[in-house]
Amino acid sequence: MTTQMIFLILLLAGVAAFFYGRMRARAMTVASAEKFHSRPGHHGFYVTIWTMLPAFFLIVLWLVVAPLVVRWAVTNSLPEAATASGESVSLIMTTVEQLSRGVTQLEEEDFDRISSGAMTVQEVMRSKGVLVGSDAKPYMLQAAILDERLSANSHLFLTLFAGITMIGGFLYGRRGIAPRARARNAVEQVMTLGLIAASTVAILTTAGIVLSVLFESIEFFRMVPPADFFFGTVWDPRFSAPGRVGGSDGQFGILPLLWGTAYISLVALMVAVPIGLMSAIYMSEYAGNKVRSIAKPLLEILAGIPTIVYGFFALVTFGPFLRDAGGLVGFDIQASSVLTAGFVMGIMIIPFVSSLSDDIISAVPQSLREGSYGLGATQSETIKQVIMPAALPGVVGAVLLAASRAIGETMIVVLAAGIAANITLNPGESVTTVTVKIVSQLTGDLEFNSPQTLVAFALGLTLFVVTLGLNVFALYIVRKYREQYE
Amino acid sequence: MTDQVQRMDVTAGGRVAKSEKSKLVKRRYAAERRFRFYGMAAIGTAVFFVFLLFGSIVNNGWSAFFQTKLDLTVHFDESVIDKSGQRDRMTLLTANYRKLAREALLAELGVDPADRPMRRKAEALLSRGAAIQLRDVVMDDPSVIGTTQKVELLASGNADALMKGAIDRDVPESRRQLDNRQVAWLDELRAKDILSLAFNTGLFTYGASSQPETAGIGVAAIGSFFMMLIVVLLAVPLGVAAALYLEEFAPQNRWTDLIEVNINNLAAVPSIVFGLLGLAVFINFAGLPRSSALVGGLVLTLMTLPTVIIATRAAIRAVPPSIREAALGVGASKMQTVTHHVLPLALPGILTGTIIGLVQALGETAPLLMIGLVAFVVDYPATPMDPATALPVQIYMWATAAERGFVERTAGATIILLGFLILMNSTAVIMRRRFERKW
């Protein structure tokens, strides 16, 4: 029986147990003189929980532990000579696992052929349609047979034990159906535990991100010294080729990438901040309800468009347009340049600046405006001299949040910024960013023992820390400011 | 501006002539109008960008929905397809269908098949996919062998470009992709009504291809569908459960604060970092198949979870406490109050939030690049474990393809993607309007 099949049966049994428990509780309610504490549905769930949960945990535990036990047993069964010869045990075990997939198809005469030396293990396995390496030796075949037998036995026992636990749980739950039984309390307790488990997924995700990125980064820093990474000015990882392991033949200076990221984000902010801020001021201070109800959703469309669409727009329409426009005025702009990527990214983050600033400007108390009007100031004077100073911390927070968006943005820069790692002041030249390099180091063949692949995780760690820092700082500013008026 | 106000104080003293006063007021009003104009200009610019973006995509992509086809009379010659008459599957699959398509075209143009240079020129008008189309006809119904049928075949990318006006006829012959002879042929075929533009169904059904005319989003759409299915199945129950716990059950303590801070931070983590997580945890550690829709769905689930949780919490918070108090008052337990009353009342808000999360997930590209969904997938994935690709990733791959015909395809696929997103967003807006309850 396959594992999926076991889970399916468990699920069906759970559903059946629910209906059985409910029916039985109902029948008992009618028959008994005593009033039931819990509703029939609760008793149904109670039986379901007893039927499914113990068996479920048993299966999960078994699936994790059993392969380790089998592996341990097989490793111990290997002849002394094999492990003594200096060959890596994990390599032997990989071959053994490959062999065990085809070992059931072998017949008596195949073994004879191997033992007499007429055919190698590899040839025999190939004739059965199983591909193994040439290092497969006869003694490994013995281990493979053991491996296969133990795995099959383990699976058989799993099916057996899971079945027993399931039936036992069902019987136990069934016995619990009684007028005095607090089935509801038990069911609700389990449900609450389920809710708590669901809420920890967020923490697990963060932990997963930090740990996975950190571990691979540490691995990377073992090959490339951190100083070379953080202060190097040359990005030249070379291609990762098999057999060329080692950090000596590539330079991983992050500075050109950081420079490109910062420059493009700066251009983006220079586009987005004036437009976004002025839009927010106009919408919260001047615009009537009608204009607001049209303009606000229109601006928010910009936030809903997938970034790949912006990237394509930059690549096909905006880049060539900018190049031609630059050519007319005698300014040399490459099709993929700081300006192209920065400008299009600026369009993308307009709604981030505008909707956050809008909220913040609206939160400035009306009394401040009225006080200013009372002194004879015009509306624009009020905005510039009263409202903006009051809203400034919040607006700075909004801009920082937009900046963190820009730094972490990938698809626009992948398509429009270029791949050459330059440190240049010329906005018409192409630069590259941290995100572009993460993508380019991780597409194609991956080797998790070469710095060329691992560097992506170090870059990811840098990106994560920088954006997290910006976000925390921005939220801190926004929150502090909000408290002032509340 | 500041000095104007200061001068105002001076004028208030009455020492300045009246005309001077009115001049100053005028100047201040002018400044007011200017400022107002800046505001309008900013909104105008932003709205202009919206239209520019959509305009550019539609302008580039509308033609992708049409495809040049040739209505050719093809003789399914038995001696070419299957000499033996066995109708063996392998023979039928590997027969020289290219020859059949070529001969049909040559006959129509009146070119001598023995004239090799001319033959090659004429053949360039047919797509390489034409042979596959003929093969599919035969595989569907082997009884056509030996008969003569009218078949609609794909024209080549260059012929398609000429029909759509993408190749300029005024460009000198030496720099044009099609020479004068070929252009004349195409005009002749068009006059005979053999060459025509028809709705491009292939765009919706084909998979990855190196020729633009046989490339489509069908395979990518299935991949995206699997991923959305996984996101809905995982992110919604998990997100709703987490939100319920945080809003209704969680005690005010450090642990709860930690969860809340985590959720808010996750919502702001760059999407590409989620890709790194998927690569390290799901592929390297858990050993799930690379390039599969399953891993893509899991990564997108983790990305959408914060959105669903935040939206659900807002929806739950909008249910007034009086409802809870009434339920508790008639003897419901805390859990019954939540499942029987709070959750159903919050459902429209939860659904809206879920759709917004799905929209985000559907358009996401960067994390999928990390986990190997940038794959040349020709066959439809049958299960979420099979190699797959996603709609936005397909757009990315076409955007980086060298052939010019792919620009049109990319924009066409983008239109379809945007269409989906607009449809989902409008559903969310309509649902919000329809079910929104003011307490």
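Author: Let's start with accessibility: a residue is buried under 20% relative accessible area, exposed over 50%, and partly exposed in between (1.4 Å probe, protein chains only). This is a predicted model, where local features need pLDDT of at least 70 and side-chain atom pairs count only at pLDDT 80 or more, while totals for chains, interfaces and linings use all residues. Residues are numbered from 1 along each chain as its sequence is written, chains are lettered from A and ligands numbered from 1 in the order written, and side-chain values use heavy atoms, without hydrogens or water.

Reader: Why is Lys192(B) called partly exposed?
Author: Its relative accessible area is 40%, which falls between 20% and 50%.

Reader: What makes Lys192(B) and Glu108(B) a salt bridge?
Author: The closest N and O atoms are 3.4 Å apart. The rule asks for a side-chain nitrogen of Lys or Arg within 4 Å of a carboxyl oxygen of Asp or Glu, so the pair qualifies. Lys192(B) sits in the loop between helix 9 (180–191) and strand 3 of chain B, Glu108(B) in helix 5 (residues 97–109) of chain B, and the two are 84 residues apart. Helices here are DSSP runs of H or I with at least four residues, strands are E runs of at least two, and both are numbered from the N terminus. Glu108(B), at 23%, is partly exposed too.

Reader: What about Arg169(B) and Asp187(B): how do you know that they form a salt bridge?
Author: Their closest N and O atoms lie 3.0 Å apart, which is within the 4 Å limit. Arg169(B) is in the loop between helix 8 (157–163) and helix 9 of chain B and Asp187(B) is in helix 9 of chain B, so the pair ties together parts 18 residues apart in sequence. Arg169(B) is partly exposed at 36%, and Asp187(B) gets that label at 32%.

Reader: Which other salt bridge is there, and are Asp160(B) and Lys164(B) buried or exposed?
Author: Asp160(B) and Lys164(B) meet at 2.9 Å, N to O, and both residues are buried. Over all chains, the structure holds 22 salt bridges.

Reader: Why is Met424(B) called buried?
Author: Its relative accessible area is 17%, which is under the 20% cut-off. Met424(B), in helix 19 (residues 405–435) of chain B, touches Ile355(B), Leu358(B), Val359(B) and Leu362(B), leaving aside residues up to four places away in sequence. Touching, or contact, means heavy atoms within 4.5 Å.

Reader: What makes helix 16 of chain A and helix 2 of chain B roughly perpendicular?
Author: Helix 16 (residues 379–408) of chain A and helix 2 (residues 18–61) of chain B pack at about 70°, with axes 8 Å apart. Axes are lines fitted to C-alpha atoms, for helices over the stretch in contact, and angles run from 0 to 180 degrees between N-to-C directions. Under 35 degrees is roughly parallel, over 145 roughly antiparallel, 65 to 115 roughly perpendicular and the rest oblique. The two helices are therefore roughly perpendicular. Among the residues making the contact are Ile383(A) and Phe35(B).

Reader: Why are strand 2 and strand 3 of chain B said to stand at the edges?
Author: The three strands form an open, antiparallel sheet in the order 2-1-3. Strand 2 (148–154) and strand 3 (195–199) of chain B each have a single partner strand, so one side of each lacks a neighbour in the sheet. Strands pair if DSSP finds at least two bridges between them; strand 1 (residues 66–75) and strand 3 of chain B have five.
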